[in-house]
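Me: I would like to learn how to read a few features of a protein model. Could you walk me through them?

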Amino acid sequence: MKTDENLGEVKIADEVVAIIAGLAAMEVEGVASMAGNATRELISKLGMKSLSKGVKVDVLDGIVTVSLALNLNYGYSIKEITSKVQEKVKTAIENMTGLEVADVNIRVAGVEIPEEA
């Protein structure tokens, strides 16, 4: 991160970057949950910390590598969803932190089938 010698230094915890990545991934239609069981309902009950489950972040010299484990909804194109997730996560992290994202790796951990009504 850029620092201003007159004002001090800004450090962003890896956990914060992981939460940003988790939030961005969950916004993509077709993503059912993080593989760490962070569904939308669980997030609203337990708070943001559960969003970092299923997300691994490595930050080295201002370069970020993100690994996500996701459960996808049945019936969606895995290729399209994962491409959208990669772009959304990269954009969100870069816009919010100023860090450069080198890789967004995705592991599709499962497919969720909707329950019959």
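Reply: Happy to; we will go through salt bridges, a helix, a strand residue and a surface patch. Keep in mind that this is a predicted model.

Me: How many salt bridges are there?

Reply: Side chains of opposite charge can pair when their charged atoms come close. Here the count comes to 4 salt bridges. Among them, E9 pairs with K11 at 3.8 Å, N to O, and D58 pairs with K56 at 2.9 Å. Both E9 and K11 are exposed, while D58 is partly exposed because its relative accessibility is 40%.

Me: Which side chain does K90 meet in a salt bridge?

Reply: An α-helix has 3.6 residues a turn, so residues three or four places apart point the same way. The partner of K90 is E94, at 2.9 Å from N to O. The two are 4 residues apart in helix α3, so about one helical turn separates them.

Me: Which residues of α1 are buried?

Reply: Those include V17, I19, I20 and M26. Helix α1 has 13 residues and spans 18 Å between its first and last C-alpha, close to the 18 Å expected.

Me: Is N71 buried or exposed?

Reply: Buried means under 20% relative accessible area, so N71, at 12%, counts as buried. N71 sits in strand β3, and its side chain reaches the backbone nitrogen of G110 at 3.2 Å. Its contacts also include V31, M34 and E112.

Me: Which residues form the nonpolar patch on the surface?

Reply: Y74, I78, V108, V111 and I113 do, with about 510 Å² of accessible area together. Of these, V108 lies in strand β4 and is partly exposed, at 33% relative accessibility.

Methods
Residues are numbered from 1 along each chain as its sequence is written. This is a predicted model: local features need pLDDT of at least 70, side-chain atom pairs count only at pLDDT 80 or more; totals for chains, interfaces and linings use all residues. Side-chain values use heavy atoms; hydrogens and water are left out. Patches are made of residues with over 30% relative accessible area and no salt bridge: like charges are joined within 9 Å, nonpolar side chains (Val, Leu, Ile, Met, Phe, Trp, Tyr) within 5 Å. Accessible areas come from the Shrake-Rupley method with a 1.4 Å probe; for residues, only the protein chains shown count as cover. Buried means under 20% relative accessible area, exposed over 50%, partly exposed in between (1.4 Å probe, protein chains only). A polar contact is a pair of N or O atoms within 3.5 Å; within protein, one must be able to donate a hydrogen and the other to accept it, and residues adjacent in sequence count only if both atoms are side-chain atoms. Contact means heavy atoms within 4.5 Å. The expected span of a helix is 1.5 Å times one less than its number of residues.
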